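These are my notebook entries on one structure, written for someone who has not looked at it before. I kept to what I could look up, entry by entry.

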Amino acid sequence: MNNIFDTPGIDPAWCPGCGNFAILNIVKLALTELKIDPKNIAIASGIGQAAKLPQYLKTNFFNGLHGRALPVATGIKVANPNLTVIAVGGDGDMYGEGGNHLMHTIRRNPNITNFVHNNMVYGLTKGQASPTSQEGFKTPLQPEGVFEEPLNPIALAISLDASFAARIFCGDIEHSKSIIKEAIMHKGYALVDILQPCVSFNKTNTYKWFEENTYYIDPSHNPLDKNAAFALASQSGKMGLGIYYKNPARPVFEEKLSAYAADKTPLFFRGSDRTAALNALMNKYI
């Protein structure tokens, strides 16, 4: 069935069986059910297989530098808060190259949603270990196996008081869709760590592996309890699927800016006489 977010005639450059296909489908379904007009959505991405996702969605998008999607997404939201803004990238793109931006975006808390396709490997550059690769994972560059402890993005986000932190598995469409919808509607920065297989370069963390090494967070878990959320995220063993933490009380970055103190008109729609402003600036130094 056709979807308003489809891009007819464009063939996704992903390997057959890649988890990115499932994620693309889930995002389309979620956006459709939320009844968001495609013209009111802006997606920012960096470099990588996951970062190609907005090219296959009929929306506005900005595809930029490796690891730099979050500052771009923040800037878009500041310029036009009326847009639904999403940042997309892989575990290498967001947690590796973009790790510094991740921390400061959480600290600022802009009203954006961050989807991280976590396949525990660098898929675009042919299979190097990523920040989330597990100990012992062997690659052409780590023939003896990874020996560093993998990054725990959910625990990191909670420790920095991210206003929303969740994890899903692309193999469960309905559960993933519900979490993504809630993340998009959440006011503030929302991290969704999306577990997915890389069928070409990660023969360890397969669909079956994720099914056997994940579980659904108990409904009795209170996501408003930061200590409980951090303890849950820090547990070893199987990875929990669901919403770990929410802090709706945190103020949103763009609403604190002086530019919106008296005038709520998005900066994008405000007129300006750039020539006069430039001449005035230059005359100060003549």
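I count two residues as being in contact when heavy atoms of theirs lie within 4.5 Å. With that in hand I looked up alanine 30, and leaving out residues up to four places away in sequence, I found that it touches Lys177, Ile180 and Lys181.

**Entry 1: ground rules.** I note that this is a predicted model, in which local features need pLDDT of at least 70 and side-chain atom pairs count only at pLDDT 80 or more, while totals for chains, interfaces and linings use all residues. Residues are numbered from 1 along each chain as its sequence is written, and side-chain values use heavy atoms, with hydrogens and water left out. For the elements I use DSSP runs numbered from the N terminus, where helices are H or I with at least four residues and strands are E with at least two.

**Entry 2: alanine 30 and its helix.** Alanine 30 lies in helix H1, and I looked up its accessibility next. The C-alpha atoms of alanine 30 and serine 178 are 7.4 Å apart, although 148 residues separate the two along the chain.

**Entry 3: H1 against H6.** How do the axes of H1 and helix H6 cross? I found that the axes of H1 and H6 (residues 173–185) come within 9 Å and cross at roughly 55°; axes here are lines fitted to C-alpha atoms, for helices over the stretch in contact, and angles run from 0 to 180 degrees between N-to-C directions. H1 and H6 are therefore oblique to each other, since angles under 35 degrees count as roughly parallel, over 145 as roughly antiparallel, 65 to 115 as roughly perpendicular and the rest as oblique. On the H1 side I listed Asn25, Ile26, Val27, Leu29, Ala30, Leu31 and Glu33, which meet Ile173, Ser176, Lys177, Ile180, Lys181 and Ile184 of H6. Sorted by type, the residues of this contact of H1 with H6 are eight nonpolar, two polar and three charged (Ala, Val, Leu, Ile, Met, Phe, Trp, Tyr, Cys and Pro count as nonpolar, Asp, Glu, Lys and Arg as charged, and the others, Gly among them, as polar).

**Entry 4: the sheet.** I traced an open sheet of eight strands in the order S2-S1-S3-S4-S6-S5-S8-S7, with mixed pairing; two strands pair if DSSP finds at least two bridges between them. At the edges I noted strand S2 (60–63) and strand S7 (214–216), each of which pairs on one side only. On average, neighbouring strands of this sheet are turned by 25° against each other, direction ignored. Helix H1 (residues 19–33) packs on the sheet, where it touches strand S1 (41–45), S3, S4 and strand S6 (190–195), and its direction makes about 155° with that of S4. Helix H8 (residues 226–233) lies across S7 and strand S8 (239–246), and runs at about 160° to S8.

**Entry 5: strand S1.** Are the residues of S1 buried or exposed? I found five of its five residues buried, with Ile41, Ile43 and Ser45 pointing one way and Ala42 and Ala44 the other. S1 pairs in the parallel sense with S3 over five bridges, and four bridges join S1 to S2, also running parallel. Serine 45 has valine 88 as its bridge partner in S3 and asparagine 63 as its bridge partner in S2.

**Entry 6: helix H2.** In helix H2 (residues 69–79) I recorded Ala69, Leu70, Ala73, Thr74, Lys77 and Val78 as buried. Among the elements that cover the buried residues of H2 are S1, S3, helix H3 (91–97), helix H4 (99–108) and S4.

**Entry 7: two loop residues.** Lysine 35, in the loop between H1 and S1, has a phi near 60°, a positive value in a residue other than glycine. Lysine 35 is exposed, with a relative accessible area of 74%. Methionine 120, in the loop between S4 and helix H5 (153–159), also has a positive phi of about 60° although it is not a glycine.

Methods
Buried means under 20% relative accessible area, exposed over 50%, partly exposed in between (1.4 Å probe, protein chains only).
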